[in-house]
Amino acid sequence: MVRKIEKMGLIYHYFKCNFCNEENRIKITEDDRGALQMKKGNEIPYTCSKCHKKDKIHINKIRATPYMNVFIFVSLICILASIIMILFFGLLAAFSFGIPMLFFLYQQGQAKNFNSYKIKTK
C-alpha cells in the first residue's frame with residue numbers, strides 16, 4: 001500500500017468561525033491559496049471546534065502564522081550545539097546563533113506568501 005507522505009508544516013492556518021468568532025485551525029498542505037483553490041475550491045466546509053456548527057469558509061479568510069514551537073525547538077538545539085562547539089572549537093560556535101533567526105525568517109516568508117495572495121471574487 002502506497003501512502004502519501006505529508007510534509008511537515010512550519011506554519012499553521014486558522015480562521016474565525018462565522019457564528020461564534022472563535023479561532024479554528026485547519027490543516028492545509030498547500031503553499032498558497034492558488035494551489036488550495038485548485039484542490040479544494042473557493043470554499044472549504046468546516047465544523048467549529050467551539051459551537052460545533054457546520055458552515056463553509058472562503059479561502060481568502062484563512063490566515064497563516066508560523067509555529068513558534070518549531071522556532072523555540074530549533075533555538076534550543078542551536079544553543080546546545082553552540083555550547084558543545086564552544087568547548088571544542090572556541091569562537092567559531094558564535095555563527096550557529098544565526099541559524100534560528102534564518103529558520104524563523106523562512107517561516108515568516110512562507111506565512112507572508114500565503115497571506116498576501118488573494119483569490120479574486122466575483
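Modeller: The secondary structure comes to three helices and five strands, where helices (H or I, at least four residues) and strands (E, at least two) are DSSP runs numbered from the N terminus, and along the sequence they follow the pattern β-β-α-β-β-β-α-α. This is a predicted model, in which local features need pLDDT of at least 70 and side-chain atom pairs count only at pLDDT 80 or more, while totals for chains, interfaces and linings use all residues. Residues are numbered from 1 along each chain as its sequence is written, and side-chain values use heavy atoms, with hydrogens and water left out.

Now to the charged pairs. Side chains of opposite charge can pair when their charged atoms come close. A search of the whole structure finds two salt bridges, a salt bridge being a side-chain nitrogen of Lys or Arg within 4 Å of a carboxyl oxygen of Asp or Glu.

One of them joins the side chains of Lys50 and Glu22, with 3.8 Å from N to O. Lys50 sits in the loop between β3 (43–47) and β4 (54–58), and Glu22 in the loop between β1 (11–16) and β2 (23–26), so this pair ties together parts that are 28 residues apart in sequence. Lys50 is exposed, at 56% relative accessible area, whereas Glu22 is partly exposed, at 30%; here buried means under 20% relative accessible area, exposed over 50% and partly exposed in between, with a 1.4 Å probe and protein chains only.

The other salt bridge is formed by Lys39 and Glu30, whose closest N and O atoms are 3.3 Å apart. In this pair Lys39 is partly exposed, with a relative accessible area of 49%, while Glu30 counts as buried, at 14%.

To set these pairs against the rest of the protein, 32% of its 122 residues count as buried. Finally, among contacts (heavy atoms within 4.5 Å) between residues at least 6 apart in sequence, 64% join residues at least 24 apart.
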